[in-house]
Amino acid sequence: LRTPIAAMRTFNELLHEGAADDPDAREEYLRGSRQQLERLDWLAANLLELSKLDSGLVALQLRLEDLRTTVEDAVDHAEPMAERKGVELRTQLPDRAVMLPHDPPRLGQVLGNLIGNAIKFTPSDGLIEVTVEATDDGAVLTVSDSGVGIDPAELEHVFDRFYRGTRRREERAGGSGLGLAIARSIVEAHGGKIWAESAPGQGATFTVSLPTASNE
């Protein structure tokens, strides 16, 4: 929160010190302030979302539906971003329906976060694979990429609030460090587990394991 606040304070001081007399400078600082305000609003929304999830104020709308549909919707939504980055986004789905009680919008939110992160940290001409596998006691979803990878020392922290690691500073700049924390809360609300496996330069794989019945 301090970062956008400090930026807006600087813009405000520069405008008061005379930059407002220069139309181009005034427009630049006002535009910058507007971007920082939008960032603050986004951060506040994420904090509120996480607070509600942690306190149990968000009730899942569980429906017995095909997980393949939820995955396909999330991939379709992320496809334009992948195309702009020049990254191939591929799915591996079972031939048969994977019927599991879940909240499609919430699980789609988890997948959207995982796929979005994979796109950010995968260079052009890279590959991202999203898979679904039915198991004896539920299902497993994975999002794997051929990106920059994660240092082993950071793996245990990637789901911590505000943790953004050391991967590509330019890619981390726009993140809040809350997306994976929210994803973990949603998965745990389903009674499931989420974890990451990676090595520097060898991509990363995020796995979501969901049971046939949630703890809700």
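Me: Which residues does L141 touch, not counting residues up to four places away in sequence?

Reply: Contact means heavy atoms within 4.5 Å. L141 touches L67, V71, L107, L111, T131, V132, F206, T207, V208 and L210, with residues up to four places away in sequence not counted. One caution first. This is a predicted model: local features need pLDDT of at least 70, side-chain atom pairs count only at pLDDT 80 or more, and totals for chains, interfaces and linings use all residues. Residues are numbered from 1 along each chain as its sequence is written, and side-chain values use heavy atoms, with hydrogens and water left out.

Me: How many residues has the largest nonpolar core?

Reply: A nonpolar core is a set of buried Ala, Val, Leu, Ile, Met, Phe, Trp, Tyr and Cys residues joined through side-chain atoms within 4.5 Å. Buried means under 20% relative accessible area, exposed over 50%, partly exposed in between (1.4 Å probe, protein chains only). Here the largest such core has 43 residues. L67, I115, L141 and F206 have the most contacts inside it.

Me: Which elements give two or more residues to this core?

Reply: Helices (H or I, at least four residues) and strands (E, at least two) are DSSP runs, numbered from the N terminus. The contributors are α2 (23-55), α3 (67-85), α4 (104-120), β4 (127-135), β5 (138-145), α7 (179-189), β6 (193-198) and β7 (204-211). α4 gives the most, with seven residues. Another core, of five residues, lies apart; F11, L15, A25 and Y29 are among them.

Me: What should the 33 residues of α2 span?

Reply: The expected span of a helix is 1.5 Å times one less than its number of residues. For α2 that is 48 Å, and its end C-alpha atoms are 48 Å apart, which agrees. Its buried residues include A25, Y29, L40 and L53. α1 (2-16), α4 and α7 are among what covers the buried residues of α2. Just after α2, G56 takes a positive phi of about 80°.

Me: Where does D125 lie?

Reply: D125 sits in the loop between α4 and β4. Its phi is near 70°, a positive value in a residue other than glycine. D125 counts as exposed because its relative accessible area is 75%.

Me: Is V148 buried or partly exposed?

Reply: V148 is partly exposed, because its relative accessible area is 23%. V148 lies in the loop between β5 and α5 (152-155). V148 and R31 are 117 residues apart in sequence and 32 Å apart in space, C-alpha to C-alpha.
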